[in-house]
Amino acid sequence: MSSRTERTEVNAVLDTLYGCERPYLVGIRHHSPALSVVLPDLLAKYQPEMLLVELPAEFTDWLGWLADPGTTAPVALAGVVAEGGGPAFYPFADFSPELVAIRWAVAHGVPVVPCDLPLADPAWRDPHADAAWRAPAPQAPLDHGPAQKAPLDHRPAQRAPLDHRPAQEAPSGPEPAREAPPSRRLTLTQGLPTLAQGLKAAASGRADEDMWDRTVEARAPGADTEAIRRAALLVGWALRHDTERAGGVSRIDLCREAWMRRCLAEAAGKRVAAVVGAFHAPALLPSAPDTDTPATGAPDTDARNTGAPNTGAPNGRVRPAGTVVTSLVPYTFELLDERSGYPAGIRDPQWQQAVLRAAGDPLAIEAAATESVVQICARVRAAGHPAGPAEAREAVRLASDLARLRGLPAPGRGELVEALQTVLAQGEVMGRGRAVAAAMERALVGDRRGTLAPGTPRSGLGPAVRDLLAALRLPGPGGPEKEVRLDPLRSDLDRRREVALHRLTVCDIPYGEATEVVGLGGGDALTSRWRLRWTPGTEAMLDVAGVRGVVLAQAAEGMLRERRRREAAAGGPTASEAVEGLRAAAVCGLAVLTTERLAEVATLVPASGTLSETIGALALLDRLRLGHIAGASGLPKTEVSAVAEVLEAAAVRQVDGLAGSEDVADAHALAALAQRAEGTGVGLRLSAALDRLTTGGTPMIGAAAGVVRMLLGLDEPAALGSRLASWVDTATTPDARRALRGRLTGALAVAEPLLHTGGEALTGLLERVESLADDEFLARLPALRGGFHVLSPAARGRLLEVVHERLGGGYDVGAVDDPDLLLARLLADRAGLDALSRHRLPAPSTTDGHPPTVDAAARTVSGQLSAADRWRLVLGRESRCLAGAARRYATALDELYGTGQGEGCRDGDAAGRGPAFPSVREWARELEELFGSGVREEVLASAAESGRADAALLLEPHSVRPSVELLQSVLSLAGGMPESTVARLRPLVARIIEELTRELAVRLRPALSGLTTPRPTYRPGGPLDLSRTVRRNLAVSRFDDDGRFVLVPATPVFRTRARRGVDWRLVLVVDVSGSMEASVIWSALTSAVLAGVPALTTHFVAFSTEVVDLTDRVHDPLSLLLEVQVGGGTHIAAGLRYARGLVTVPARTLVVVVSDFEEGYPLAGLLGEVRALKESGCTLLGCASLDDDARPRYCVSTAGQLVAAGMPVAALSPMELARWVGEQVKP
Amino acid sequence: MTTETVERVRQVDPAEHAYADQLAFLAAYDDGPRPPGWRLTPRAVVTFIAGATGVLQLPKGARREGLPARCAIEAKFVGDRALVERCVVTLAGERGLLLVGEPGTAKSMLSELLSAAVCGTSELVVQGTAGTTEDQLRYGWNYALLLAHGPSPEALVPSPVLTAMSTGAVARVEEITRCLPEVQDALVSILSDRRIAVPELAGTEHATVPARPGFTVVATANLRDRGVSEMSAALKRRFNFETVGPIPDLAAETALVTRQAKAVLDRVSTPFAVDEAVVEALVTAFRDLRAGRSVEGWDVERPSTVMSTAEAVAVASSIGLAAAYFPGDRDVLSLLPGHLLGVVRKDDPADGAKLLGYWDGAVRRRAQGGARLWRQLWELRDVITD
């Protein structure tokens, strides 16, 4: 019963609104093709004497230019309120009813009056007013507040483009169950919670659909013009009704409406047409003020807010001078699209334009939909996905039928989008779905650009920037070049200057150039230096940037948003792009964008960032948190800390991917990460990951992880100490010595601070160094020296001092090289000895001129080398204090290691080094003499590795022990050497490769043996396949004389377990970016072996950022490896795209990617390629590394996403790879 | 006597039986134009599946014997109404419909309801497995008859698809991606030519079986699960795709899990004695790990395995059974981490680390936030660290 009364009530109100003659009310939305089509008719019928449009009074002067026939939409009106106010923005397209109305009025000589509250009015900028006014409202559920009326209420965006988000009604509250009415009928209220929900329920099945679209736009085609006006007024009234019920209309809206009523009152007696937001229309009824404002005390506030600046002249002709700068700028469809982030936009302008062109004809709209669909299909096809006329036809059919099912005269945007998704996207979000979305965006958004009529006054960004620079006391046009040093954290002026300069830089406007400033101790600088100059280029670029905004902040934000859009269009942004975007937004002081980018960083970096990117992002967040970035001082610190915590968790995930690392930087990163994690309590995950690294990682990272565990208190120092000692003990073979070097490097890189304090952890190691027999010590010496080399010279110097102390503080004569001083000490020594003997005390024993302490003497009995000398050798310091033979060792090793890098490498005792060897040959001879031939080779190989080509040449091809490490170091040289030298290296490389390949082939062959003998399908042996036999022989069967059917099984068919295993194709896609050397070599060797299998066609595709197909060299790993240039970035998607071209029979193609998965390009592209390959039916495998230990060094997060996309990722040895290939190919 | 009743009782009633009265009612209620071969109008099909508000009343002229005059139609599929509308319009155009989505999202139920409403039967169904052969999509032979009498229409064993073609009904193919690609491709020609050729009967009128109006195919598939074969592009082009998402609402999912776990325990006549809060914690953990984002918006690493509602039901019932059979042994909550670990690790043992990460992040923070239940779970961390 109540619903019926309510319906009557609604109709009554609606009749009043609709029937009102003075003013004649046209409720609109800012963009509405439906109303734009009918508006001229409506106005012509009413014949107004004056037109009120909902625009602030400040824009009066521009209306003529706006309606000028020379002006092509889209264009935008913008108003900036003095300092502190963001721009108010009114974009207009041909389908904006206001523009249509203004054009009509100008053409017919009807005066136009902007009737919205002037921008200069303080009510616009009083953020608390609204909240304070709303607070007492008791039952405000906030469900249907601002979000709902946004589409209708096109108030200018005050600095917050987000407020003007789409017309998505809040999907909260209980979703009403809906009935499907047998007949089409607009049922208004059926006891539903709100009118809006009632309208929505009657109109569409979709929960995310906005009411205006359903009730006005979708029903407009073919409808009567008056019916459209009525529907629009109804929606506006319904929203207002709900807003009032949900807590009331906001105060700013009441103020604006009060102003509109004043404007109306001024025009009393005339025939006035009011083209205003549908939401405001009910407030303009002659009876409205009384019903609307009593409870709010609005008259009072109105007087305070609006009365002050311009008393009694509400028509805008008298405006507060100088406070509002207005401009008319050309606009583009791209910016008009709501997703661009610019305020007051609409989705898919090109489609709206098409609807406008259709002028309300349902058939024309259907034709426009068909045209759009065909265009989209063409674009999807161009992106490499099948989408032909059949799909287009089905999409159009589906859209029209959906419209019919929902009782609409023609398909709306919603139906079109739904149909396209259903028909074209094929349930694929990643690959195809993305292509379809991109095509839709291109085709529906469009690229129309507006132009201003000739003669329109210049306005916008240029004047705004000139004023800004003047205000900041920075050189303007014609000013001299200037250099400034800014201290933005101390001075507010400098802060504003810095932000402005960053914004100019972001807009590509050549004006300021930052010069590098290095902070104290290499840290981040807190001040900045700029070289400033206004050039003609500045002027030119200001014009270009002007389309993006009328003030610098808006232009910069527009530029950055555009960048983000472009990244998104390319499938990104990547993790590094997101971090860079956050930095840019922060330095430009764009709070909203910074928050958005921060959220992006919080999701993207954990999902796809590598460990170093994550650490980099953490560093940026630290700067933000500490307030070191001047522009972003307002950012809530808790939020930043929360994101930092998320990133820390993400970094912990990456730890598993370090297992194969040989890079000291990774050890440092691990230590830094552990320290961070300690603050939040040691994570279960981190401790488990560290444990895995300790047991399964490379020597370097394993040892580092062990030390980190000890530092975090997870392991006992003593246990670590005994392990460290055991490494030295077991270093008896070349491999073990290599491992020792790696382990020491890793452990010392992390444990450097521990060295100075000693402690249990290092005791074992120190003891070993001092107590080993001479020959054992010397055999390990190069490895030890190599391990300690990771420390900076100064650190090694300090360590040596610690060791001296530890050795008992004995005064080391050898450390003094002044003969006079030495003599003086000698004499003193003698005197002392004499004194001792006089008193019959025992004299300390002396050996070879050294006066060691009691402690040290005890340990050096086993050899000639004293403990102190050993340390000097190991640490590579104080070489000149060494005597005789020891000095020769030091010199030979110094030749390899030099003084090292980092703190202290420039000073110290470089002069103490012996003369360098005249040639590498002599050095090699010396090495052999000192260490023996085995160790000599190790040292020379290390020399080759560190870039000494001549050392590599000394290695004897026939005596050398082939290893991948050696091959790796020699090959790394090949790139930078002249051809003649490479020729001399070739025998060496050839022999190593030959040996390794032979070795590998022996191991791999069993795994592949089944592949060479594919079994024939029809060979008898398996069970008889009865049904096939019958079918196959039906043709030769016959009826016998009795009419009975006789089957003659001429060709029996058997079941066989073997699939026809010929012509399988294996595509090895190998990453040759830096850090992948070992895997490249193993890949080449493995592919050479696999290429020898007859049933397999093996392709070798190398990629970094470019792709090279080396398939023709796959049988000859030597030339293949010499061809490959290791280095450069990583673009896996490109490699895969090429591999896709090699696929002919997907079901029999194996694609194996060997990479560290540190993709340098947007992940979406990569995932798309993986999906595409997977969809086509190929078998995929990702190898995080391919080497004998199967220890991967890779980006865990990316790999995780690849697994989800259908490519399993594993670290494999060549043996396991061959076994995998065998399993795939065999039945 | 008892045996007879047992035989008659079905574990699950097909939709056309369970809702026979509603279907009959809707056929009379909405007598608008129907697509060829349809029992109901498209709008009535949508109403049948997505429900109607209030009680519907038959128009005066349509009242008939044996039909209720008023009928309440409840929503049978919890989800987007627009999705149902698109499905119905797709079928009305006689185009193939493919429902995709993660396991446990009621795809099969939707396909059953659609076919029952459209053509009155949901039993023309092919269950896709790796062992499905082309015969099950086209036709096979009764070899005894074939050998005895030669190729004849009597010896031909029609597949559900062939039956649907010859009667103008909806054929259902469940789990189409589990069939081998070459088997799937048998559907390509069926969906484009709309007829099946029987070359063995060449020369007779039975050489081709044309599809009657109304014939179409509803298939369901998991695109992301393991052990599925990819569909060929040609086949994909012949289907409209609809993605069915997981249940959007925590409360709804918790209720569903509780209800189904109760049903499992009912079958063995034991009460479900697990606290609502424990079930909610379980469902929350499942949702967090499934979405890669906790309810609070914290980042969670997603394991590679599918965390479906069905598995949540399985865990809830295991916990319920443990509580029923071993009462007082241990707190039911203490069983939860172990079960979670089992689910997370089932595809890739390395995913155990991701659960550790979940404990480090979301569980720890909730525990710090003071939630008692989550604090208990945090203290149970030893279970998952091995």
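1. Helices α3 (residues 20–29) and α4 (residues 42–50) of chain B pack at about 150°, with their axes 10 Å apart. That angle makes α3(B) roughly antiparallel to α4(B) (over 145 degrees counts as such). Axes are lines fitted to C-alpha atoms over the stretch in contact, with angles from 0 to 180 degrees between N-to-C directions. Helices are DSSP runs of H or I, at least four residues, numbered from the N terminus.

2. This is a predicted model: local features need pLDDT of at least 70, side-chain atom pairs need pLDDT 80 or more, and totals for chains, interfaces and linings use all residues. Residues are numbered from 1 along each chain as its sequence is written.

3. α3(B) and α4(B) cross right-handed (the near helix is turned clockwise from the far one by less than a right angle). B:Gln22, B:Leu23 and B:Leu26 of α3(B) touch B:Ala44, B:Thr47 and B:Phe48 of α4(B) (contact: heavy atoms within 4.5 Å).

4. In chain A, the axes of α15 (residues 362–382) and α16 (residues 389–405) come within 9 Å and cross at roughly 145°. This crossing is also right-handed. On α15(A), the contact residues include A:Val373 and A:Cys377; on α16(A), they include A:Ala395 and A:Ser400.

5. Between the chains, 52 residues of chain A contact 60 of chain B. The buried area is about 4,700 Å², 55% of it on carbon and sulfur atoms (accessible area lost on being put together, 1.4 Å probe, summed over both parts).

6. Five salt bridges link chain A and chain B (a side-chain nitrogen of Lys or Arg within 4 Å of a carboxyl oxygen of Asp or Glu). One salt bridge pairs B:Glu85 with A:Arg406, the closest N and O atoms being 2.4 Å apart.

Notes
Chains are lettered from A and ligands numbered from 1 in the order in which they are written. Side-chain values use heavy atoms; hydrogens and water are left out. Helices (H or I, at least four residues) and strands (E, at least two) are DSSP runs, numbered from the N terminus. Angles under 35 degrees count as roughly parallel, over 145 as roughly antiparallel, 65 to 115 as roughly perpendicular and the rest as oblique. Buried area is the accessible area (1.4 Å probe) that two parts lose on being put together, summed over both.
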